[in-house]
Amino acid sequence: VYTVTRDDAFLTLPFTLVYIIIFIFLVNSHLGIYQRQLMEKSLEDWLNGREVISQADLNVDDLASFWEWAIEVGIPAPLGEYKDESSTDGNSTRRQYWLA
């Protein structure tokens with residue numbers, strides 16, 4: 001009885017390995033892990049490839065410094081300059097960003 005189950009396990013091992021390899025390939029291609037990694041690295045390189053003040057790796061240490069960086073450098077980088085716009089009553093102003 002032991003010999004039959006052991007031999008059966010050895011006979012199905014190659015098929016199981018092939019199925020596992022196909023499954024891993026399908027999951028990897030479906031999730032697009034490599035493409036996402038390339039996109040993440042390219043965005044990180046674009047973000048950190050400019051002057052020192054705008055490098056997020058060097059200037060963001062906590063949540064407060066993140067918002068300081070985002071307001072001064074992060075938001076204006078892709079959106080360009082902003083335009084102050086007054087409300088109709090003249091009491092409040094808001095910033096309006098335009099795509100660069």
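Here follow questions and answers on a predicted model of one protein chain.

The model is predicted: local features need pLDDT of at least 70, side-chain atom pairs count only at pLDDT 80 or more, and totals for chains, interfaces and linings use all residues. Residues are numbered from 1 along each chain as its sequence is written, and side-chain values use heavy atoms, with hydrogens and water left out.

Biologist: In what order do the elements of the protein chain run from the N terminus on?
Modeller: Helices (H or I, at least four residues) and strands (E, at least two) are DSSP runs, numbered from the N terminus. The chain has five helices and two strands. Their order is α-α-α-α-α-β-β.

Biologist: What share of the 100 residues in the protein chain is buried?
Modeller: Buried means under 20% relative accessible area, exposed over 50%, partly exposed in between (1.4 Å probe, protein chains only). By that cut-off, the buried share is 11%.

Biologist: Is Ile22 buried, partly exposed or exposed?
Modeller: Ile22 sits in helix H1 (residues 2-31). Its relative accessibility is 42%. Therefore Ile22 counts as partly exposed.

Biologist: How far apart are the end C-alpha atoms of helix H4?
Modeller: H4 spans residues 63-74 and has 12 residues. The expected span is 1.5 Å times one less than the number of residues. A straight helix would reach 16 Å, but the ends of H4 are only 14 Å apart.
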